[in-house]
Amino acid sequence: MTDKQLKRIYALFAGQQLALVHLSNTICREHKINPGDLAQSFDTTAEKIPESVANREVLQLVLNQIAAGIRGSQAAPEYNALMDRLLH
C-alpha cells in the first residue's frame, strides 16, 4: 500500500469521526441533551470494552476522540485554534 493510499484511508476514518461529532452535536441541540453528558457516554463505552475484544485500544481511541471532538466543539474559539495548531 502506498503512502497516498494510507493517507486516503486515514482521511476517510477522520471524516467519519467528524460526521459523528456533527451528528452528536445536532442531536444534542435538537433534543436539549447536554453535550458533556453525551461525550462522557462515549468515554464510558470505551472503558467498558472487554479486554478480549480485538483491537480494543484502537476502538477506545476512536471513541475517546469522538468524545473529545464533542467537548472541543462546545469550547471557546481559542480552544479550537489551539487544537488546530497541535494537530497540524
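K7 counts as exposed in this predicted model. Its relative accessibility is 55%, and the cut-off for exposed is over 50%. K7 also has a charged partner. It forms a salt bridge with D3, and the closest N and O atoms are 3.3 Å apart. Both residues belong to helix α1, which covers residues 3–31. They sit four residues apart, about one turn of the helix.

The structure holds two salt bridges. In the other pair, the side chains of R71 and D43 meet, with 2.7 Å from N to O. This pair links distant parts of the chain. R71 lies in helix α3, D43 lies in helix α2, and 28 residues separate them. How exposed or buried are these two residues? R71 counts as partly exposed, at 35% relative accessibility. D43 counts as buried, because its value is 13% and the cut-off for buried is under 20%.

Now turn to the nonpolar residues. In soluble globular proteins, nonpolar side chains tend to be buried together. Here the largest nonpolar core has nine residues. They are V21, A39, F42, A46, I49, L63, I66, A67 and I70. Two elements give two or more residues to this core: α2 (35–47) and α3 (56–73). Helix α3 gives the most, with four residues.

F42 is one of the core residues. Which residues does F42 touch, leaving aside its neighbours within four places in sequence? F42 is in contact with S24, L63, I66, A67 and I70.

Technical notes
Residues numbered from 1 in each chain as written. Predicted model: local features only at pLDDT ≥ 70, side-chain atom pairs only at ≥ 80, totals over all residues. Heavy atoms only, no water. Core = buried A, V, L, I, M, F, W, Y, C linked by side-chain atoms within 4.5 Å. Buried < 20%, exposed > 50% of the residue type's maximum accessible area, 1.4 Å probe, protein only. Contact = heavy atoms within 4.5 Å. Salt bridge = Lys/Arg side-chain N within 4 Å of Asp/Glu carboxyl O.
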